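Keep the terms defined and the wording plain.

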Amino acid sequence: MAVTPLNLKVRAEVPAGEIAADHPELITFERLSLWYGAAQALQDISFGIRERLVTAFIGPSGCGKSTLLRCLNRMNDLIDGVRITGQVRIAGQDIYAPGVDVIELRRRVGMVFQRSNPFPKSIYDNIAYALRLQGIRRKAELDEIVEKSLRSAALWEEVKDRLHASALGLSGGQQQRLCIARAIAVQPDILLMDEPASALDPIATAKIEDLILDLKRDYTIVIVTHNMQQAARISDYTAFFYLGELIEYDTTTRIFTNPARKQTEDYVTGRFG
Amino acid sequence: MNRPINLAARGPFGVGRFEPVSFFCTGLTGAATFLILAILAVILGNIIWHGGAGFSLRFIFGSADRDMFDPARAGVGPMVFGTAARVILMTLFVLPVGVATAIYLTEYARSGALLTRVIRSAVNNLAGVPSIVFGLFGLGFFISAVGGSLDGLLYPGNPKPVWGKPALIWASLTLAVMTLPVVIVATEESLRAIPPGLREASLALGATKLQTILRIVLPQALPGILTGSILAVSRAAGEVAPILFTGAAYYMASLPRALTDQFMDLAYHVFVLSTQAPDVDKSRPILYGTVVVLLGLTFALNVVAILIRTRVRRRLRQLG
């Protein structure tokens, strides 16, 4: 079978000097390794993620990209038998250091999951849930944040007349945007997205992608994706993983047009994976 | 290459053959179902046919006469009260403990850990213990050990036991222990049916585990918990053995006024009527009537629980 080169549309690269100044490094992985029991899922990973840019994690299934994403809000803590060595620093603070408030961490590092998972509550209550947990009770304040979050997630116009209807009545794409609205309602600094569009049709996917490009003005976004075109379209930086190792990390432009490693080139051009 | 699709060229589909094995199996399963229905119809028909005869409001709500074997004077009002009281009390005891255990097993305990496996098999074994054993356990543990100690602590020197004797509270607690597995298993099943994604979503928003359980998990599990309590009520309402030594009274002149009082009971009364009556033929209408009332009460308690469950389900679906 002949390999047809992917016709990837890569956005114009931001000059390196400008990036360093406007987008300082926010997240640092330092010699991070992770084991599920005896099986090592991440091997000695070190690199940095820049503020208010979109960074994509790509790689074949089982390469550790989702595991790495879940290290950032310590969702791996929920799995029995996970062991971690090395450091993950956010704004200089080691989030695995003893005494770190995981609750506070998760408020600052929001997450959107692969399968949209709205609570079986009303659209309004889905967003108000985390706010109420933080002690926000005043209706006017809740109303305001709910509206703002839904507007940011480009969902307000579609649902403003049925805020108190069940979130489960929304379409798949709307549900996923509601999950994004829910995540940004608590005003995180970082937004993690684990294949947020993989279960959506192309139109809903395009809406999510537009939204991501919109949101990166305010949030540092880390996205796991299986979709090469998606990584090329929306990300500024791309990290390619294979079998738990970071193979290459660079600007998306370079990863997709002039990768340093043969493995990366093979993967992004579709020769394997 | 794809074959060209031309069904017409391949001739008609033909006529389906008669398959004897399939026909036989359908008949067999159908017959089994019919047998169950027939047995149920015979039992209910027999009871209602005989029990309906001497049936009146006076009988259901009337006070029990000292001569409880005389159809003209018998009433089962105190027994209705006693049975309803012990079943409702039991539900109040068994739900919190059962639900808490199920939450621990599904939400907190490591699923593969030794302790978890031990607790699970203990719960399953509890379900297999004969009910008379629970009755003896209630007598030994609740009445002698717990009740006796309470008396020693609260009323030292008092020769007449207050807590250390058969009582409504001990019968209810014994039944609660007996129905614990039912509630635990039903609750666990409904907890496991909740998508893990919902818990993850809540935790990822900075909710604590407890907040996630109370606000996301438990509301979803409520219908399953109510199913568990329906099963527990059905199981407990007709039981005699566990209350035989722990609280049921042969005859009482007045209704129980405190948790430490004994009570008259419908199921126990059925047992009394069928074993202690001087003239079985004469008191047979009372026996049937009592059974009808017992069935009716169990049914009514179930209907209440089912109505609550339906309301909860509707609320979960519509939300507000």
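β9(A) pairs with strand β10 (residues 245-251) of chain A in the antiparallel sense, over six bridges. Strands count as paired if DSSP finds at least two bridges between them; helices (H or I, at least four residues) and strands (E, at least two) are DSSP runs, numbered from the N terminus. This is a predicted model, in which local features need pLDDT of at least 70 and side-chain atom pairs count only at pLDDT 80 or more, while totals for chains, interfaces and linings use all residues. Residues are numbered from 1 along each chain as its sequence is written, and chains are lettered from A and ligands numbered from 1 in the order in which they are written.

- The bridge partner of A:F57 in β9(A) is A:A239.
- Strand β9 (residues 237-242) of chain A is mostly covered, with six of its six residues buried. A residue is buried if 20 or more other C-beta atoms lie within 10 Å of its own, exposed if 12 or fewer, and partly exposed in between, with C-beta atoms placed from the backbone.
- Both faces of β9(A) are covered: A:Y237, A:A239 and A:F241 are buried on one side, and A:T238, A:F240 and A:Y242 on the other.

**The six-stranded sheet of chain A**

- β9(A) belongs to an open sheet of six strands with mixed pairing, in the order β6-β7-β8-β3-β9-β10 (chain A).
- β6 (109-112) and β10 of chain A stand at the edges with a single partner strand each, so one side of each has no neighbour in the sheet.
- From one strand to the next, the twist averages 15 degrees. Angles run from 0 to 180 degrees between N-to-C directions, and axes are lines fitted to C-alpha atoms, for helices over the stretch in contact.
- Five bridges pair strand β7 (residues 190-194) of chain A with strand β8 (residues 220-224) of chain A in the parallel sense.
- A:M193 has A:I223 as its bridge partner in β8(A).
- Helix α7 (residues 172-185) of chain A lies across β6 and β7 of chain A and runs at about 170 degrees to β6(A).

**The four-stranded sheet of chain A**

- Another open sheet has four strands in the order β2-β1-β4-β5 (chain A), with antiparallel pairing.
- Its edge strands, β2 and β5 (93-94) of chain A, each pair on one side only.
- Strand β1 (residues 25-36) of chain A is joined by eight bridges to strand β2 (residues 39-50) of chain A, and the two run antiparallel.
- A:W35 has A:Q40 as its bridge partner in β2(A).
- The hairpin of β1(A) and β2(A) has two residues between the strands, and A:G37 takes a positive phi near 65 degrees.
- Eight bridges also join β1(A) to strand β4 (residues 82-90) of chain A, again antiparallel.
- In β4(A), A:V88 is the bridge partner of A:F29.

**Helix packing in chain B**

- Helix α7 (residues 196-204) of chain B packs against helix α8 (residues 209-237) of chain B at an angle of about 140 degrees, with the axes 10 Å apart.
- α7(B) and α8(B) are therefore oblique to each other; angles under 35 degrees count as roughly parallel, over 145 as roughly antiparallel, 65 to 115 as roughly perpendicular and the rest as oblique.
- The contact is made by B:L198, B:R199, B:S202 and B:L203 of α7(B) with B:T212, B:I216 and B:V217 of α8(B). Two residues are in contact if their C-beta atoms, placed from the backbone, lie within 7 Å.

**Residue B:L259**

- B:L259 is found in the loop between α9 (241-244) and α10 (266-276) of chain B.
- B:L259 is partly exposed, with 14 other C-beta atoms within 10 Å.
- Not counting residues up to four places away in sequence, B:L259 touches B:A167, B:L168 and B:I169.

**Contact between the chains**

- Chain A gives 22 residues to the contact and chain B gives 19 residues.
- On the side of chain A that touches chain B, α3 (102-108) and α4 (123-133) of chain A are the elements that give two or more residues.
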